[in-house]
Amino acid sequence: MPSTVTAPPAAPGQQPADPGRSTLDRFFKISERGSTVGREVRGGFATFFAMAYIIVLNPIILGSAQDMYGHQLDGGQLVTATVLSAAFTTLLMGVIGNVPIALAAGLGVNTVVALQLAPRMAWADAMGMVVIAGFIVMLLVATGLRERVMNAVPVGLRKGIAIGIGLFIMLIGLVDSGFVSRIPDAAHTTVPLQLGADGHLSGWPVLIFAIGTLLTLALIIRKVPGAILISIVAMTALAMTVNAVVKVPSWGLTTPTWPGNPVASPDFGLFMQVSPFGGFEKVGLLTGSLFVFTVLLSCFFDAMGTILGVGDEARLTDKDGNFPGINRVLLVDGFAVATGGATSSSATTCYVESTAGVGEGARTGLASVVTGGLFAVALFLTPLATMVPSQAATPALVAVGFLILAGSIKDIDWSDFTIAVPAFLAMVMMPFTYSITNGIGIGFIAFSVLRLAAGRGREVPAAMYVVSAVFVFYYAMPSLGLT
């Protein structure tokens with residue numbers, strides 16, 4: 001059953017509905033939480049439009065990568081996978097967790113899957129590791145260890161990891177849009193990147209990206225609901241116009257042209273294309289375990305922070321600051337991670353954009369049911385998602401990277417170098433080495449060593465020493481001839 005919480009007061013001039021008014025009201029505790037069906041429906045729509053950009057972005061991130069055999073995932077099938085996992089898990093969160101929190105493929109963890117796992121194994125192997133990570137999350141929830149594990153990593157280091165992922169996402173947006181490109185090795189320079197394709201910004205696609213980035217940030221500054229989605233739609237329309245009038249040599253992966261019939265049957269070709277243990281055969285037990293750990297960490301703390309943040313904003317916590325029924329919410333979140341792997345959309349996790357629905361008055365799982373239903377409708381609109389060029393979608397990555405940094409950097413104690421330095425190393429090593437695993441590993445090692453050097457070794461949890469030692473061995477493996 002959904003959790004029962006202390007009812008917040010009804011809005012001024014708004015009388016709470018009679019609890020016995022309807023089965024719907026009783027099941028979702030709508031009146032008890034000072035809400036109405038109308039608010040929940042509006043909140044569900046607001047959340048959907050605030051996070052619908054993932055329908056476009058996730059296929060672009062996953063579809064642009066190749067596995068070790070050179071295989072790429074089909075764009076249309078990725079759209080179906082992304083929407084299917086979002087619809088199913090959001091509906092589950094609404095019915096089981098009874099909270100206004102929506103879920104979809106996580107930005108950051110999809111990057112881990114695309115750029116770290118897939119190049120070392122087959123896609124089915126990579127998605128299998130995501131499934132394993134999901135089951136580990138559920139096991140941690142069932143045993144009560146999830147919150148304990150979370151407490152082993154200090155808040156400052158967690159925030160540094162989050163910022164690193166944000167910077168990594170931003171760099172991916174700059175590269176995938178063509179705004180920044182890699183300088184070929186033939187240039188014999190230590191400078192790795194340059195503006196545009198030749199050191200200069202030129203061409204309509206780059207202009208679309210630049211305008212889209214400014215538009216996205218401007219809308220965010222103006223606090224326009226659905227800012228990211230509005231920008232993607234506007235820039236796609238502009239790109240289609242430009243493509244129809246001007247001869248553009250290349251748009252990259254996707255040319256912005258009208259697909260004809262915007263409605264199509266969903267393609268479930270990627271569903272259950274997973275091999276849970278195949279990746280370990282490719283990379284070995286230690287490296288495979290670290291990959292699973294990276295996926296686990298990428299969505300573990302982010303989801304916890306989102307759940308607590310949205311719950312607090314929706315006034316779902318009690319007078320002691322506790323979140324009644326949070327274990328059900330955490331269990332759905334863990335199941336969502338595994339579901340993302342099973343659909344090949346990468347790990348599905350809670351979205352902070354759910355606060356858009358809360359801002360509209362949503363307080364119960366009915367809002368999530370509405371959001372999940374809208375995702376289900378989107379299953380039949382795949383052609384619309386596959387016509388969006390990367391230059392129209394990647395400004396969202398720059399914006400999301402900024403928002404992650406802005407929301408996390410103030411929570412790092414920069415006066416305590418034993419926290420600040422590891423957090424700094426974690427955040428810069430992710431984009432500089434193009435690896436989230438490296439950022440986490442170097443951050444963990446630095447934290448353990450610096451706390452010992454400061455005579456504060458007892459403040460480091462035993463679990464942190466163990467994980468740091470594993471990372472040291474991981475980095476030493478090539479020198480030891482173990483890879």
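**Exercise 1.** How many salt bridges does a search of the whole structure find?

*Solution.* The model is predicted, so local features require pLDDT of at least 70 and side-chain atom pairs pLDDT 80 or more, whereas totals for chains, interfaces and linings use all residues. Residues are numbered from 1 along each chain as its sequence is written, and side-chain values use heavy atoms, without hydrogens and water.
1. Apply the criterion: a side-chain nitrogen of Lys or Arg within 4 Å of a carboxyl oxygen of Asp or Glu.
2. The search over the whole structure returns six salt bridges.

**Exercise 2.** Describe the salt bridge between Lys-282 and Asp-125.

*Solution.* 
1. The closest N and O atoms of the two residues are 2.8 Å apart.
2. Because Lys-282 belongs to helix H11 (residues 278–283) and Asp-125 to helix H6 (residues 123–142), the pair ties together parts that are 157 residues apart in sequence. Helices are DSSP runs of H or I with at least four residues, numbered from the N terminus.
3. Lys-282 is partly exposed at 34%, whereas Asp-125 is buried at 4%.

**Exercise 3.** Which residues are linked with Glu-459 in a network of salt bridges?

*Solution.* 
1. Glu-459 meets Arg-451 at 3.2 Å, N to O, and Arg-456 at 3.0 Å.
2. The network links Asp-416, Arg-451, Arg-456 and Glu-459.
3. Arg-451 is buried at 7% relative accessibility; Arg-456, at 25%, is partly exposed, and Glu-459 is partly exposed at 45%.

**Exercise 4.** Which helix contributes the largest share of the nonpolar patch?

*Solution.* 
1. Leu-24, Val-37, Val-41, Phe-45 and Phe-49 form this surface patch, with about 380 Å² of accessible area together. Patch residues have over 30% relative accessible area and no salt bridge, nonpolar side chains being joined within 5 Å.
2. Helix H2 (residues 37–51) supplies four residues, the largest share.
3. Phe-49 lies in helix H2 and is partly exposed at 41%.

How values were computed:
Patch = residues over 30% accessible without salt bridge, like charges linked within 9 Å, V, L, I, M, F, W, Y side chains within 5 Å. Areas by Shrake-Rupley, 256 points an atom, 1.4 Å probe, with all protein chains shown as cover. Helix = DSSP H or I, 4+ residues; strand = E, 2+ residues; numbered from the N terminus. Buried < 20%, exposed > 50% of the residue type's maximum accessible area, 1.4 Å probe, protein only.
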